[in-house]
Amino acid sequence: MSAAMQELLAILDLEKLEHNLYRGRSPKLDWQRVFGGQTIAQALVAAQRTVAPDRYVHSLHGYFMRPGDTQVPIIYEVDRIRDGKSFTTRRVVAIQHGHAIFSLEASFQLDEPGLEHQVPMPLGVPAPEMLGTQNDLIKEFGDTVPEGIRRYWERDRPVEMKPVMLKHYTSREKLDPEQNIWIRTTGPVPADRATQAAVLAYLSDMTLLDTSTFAHGRAVFDRDIQAASLDHAMWFHRQHPLDGWLLYTQDSPSTIGARGFTRGTLYGQDGTLIASVAQEGLIRVRR
């Protein structure tokens, strides 16, 4: 297990301060602000701590209000909105410096049988074993990749990614706003469903916002682009082991009003549809 993966599991183990009150910390990295996926995952963990163990998250909806400060803890306050016969609803507010930085609503359900279908995984996507690692990409395209992206690739992270399409990283060509990325954790994830859902929530925030820039020949790392997640929604469809590659397929139907909207689906390598994601983010051109 990589040190970054160990650190991810550690920061997801929140400290209980009081009834409905939890404290989380950020990794000791030189990030300018807290990674959005971290805040989503920690807020979900806080909600899970107040839910019966036989109920599992099936959806969450969150709003980002302020950038998180990596140097101070984040306080998570849970509101136990409802405990029904089949469903449980929780609201969580993340607080720093006396202000809300993020809010989350999540719904949990008892497992029950019902109608079932899923959309199949896209065809023709190269297997992850056929694609280069990020270190390979640095060696091959290092001089043509913008510095911000190269630093991101070089950083030790709990998640390894293999993008299928590389034009976005090496050119400013206007492309179809869609992409496929293979993604996996750099260490084993505990088998319990609560931890697996939190890790899925963490990695679901990766690369989504960037997809909305493809049609414009831009990237979120451009110096004149101000980019930030505004909201994030996720639906958990099927339990699936997280010990291998996942295909994260994404498309962006619209950018307008300095906002980019992107949809994503996460598949297991065996074709199982695990989760769906939607996100809108700020894509503002500085003038």
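User: In this predicted model, what does the word "buried" mean, and how many residues of helix H2 are buried?
Analyst: A residue counts as buried when its relative accessible area is under 20%. Helix H2 is largely enclosed by the rest of the structure, because the residues that are buried number 13 of the 13.

User: What span does helix H2 reach from its first C-alpha to its last?
Analyst: Helix H2 runs over residues 36-48 and has 13 residues, for which 18 Å is expected at 1.5 Å a residue. The span in the model is close to that expectation, and its value is 18 Å.

User: Which kind of aromatic pair do the rings of Phe 35 and Tyr 202 form?
Analyst: The model holds two aromatic pairs by the rule used here. In the pair of Phe 35 and Tyr 202, the ring centres are 5.0 Å apart and the planes stand at 75°. Planes over 60 degrees apart count as edge-to-face, so this pair is edge-to-face.

User: How many residues apart in sequence are the parts that Phe 35 and Tyr 202 tie together?
Analyst: Phe 35 lies in the loop between strand S2 and H2, whereas Tyr 202 lies in helix H6. The pair therefore ties together parts whose separation in sequence is 167 residues.

User: Is Phe 102, which pairs with Phe 64, buried or exposed?
Analyst: Phe 64 and Phe 102 form a tilted pair, with 4.8 Å from centre to centre and 45° between the planes. Phe 64 is in strand S3 and Phe 102 in strand S6, 38 residues apart. Phe 102 has a relative accessibility of 1%, and therefore counts as buried.

Technical notes
Residues are numbered from 1 along each chain as its sequence is written. This is a predicted model: local features need pLDDT of at least 70, side-chain atom pairs count only at pLDDT 80 or more; totals for chains, interfaces and linings use all residues. Side-chain values use heavy atoms; hydrogens and water are left out. Helices (H or I, at least four residues) and strands (E, at least two) are DSSP runs, numbered from the N terminus. The expected span of a helix is 1.5 Å times one less than its number of residues. Buried means under 20% relative accessible area, exposed over 50%, partly exposed in between (1.4 Å probe, protein chains only). Rings of Phe, Tyr and Trp (its six-membered ring) pair if their centres lie within 6.5 Å; planes under 30 degrees apart count as stacked, over 60 as edge-to-face and the rest as tilted.
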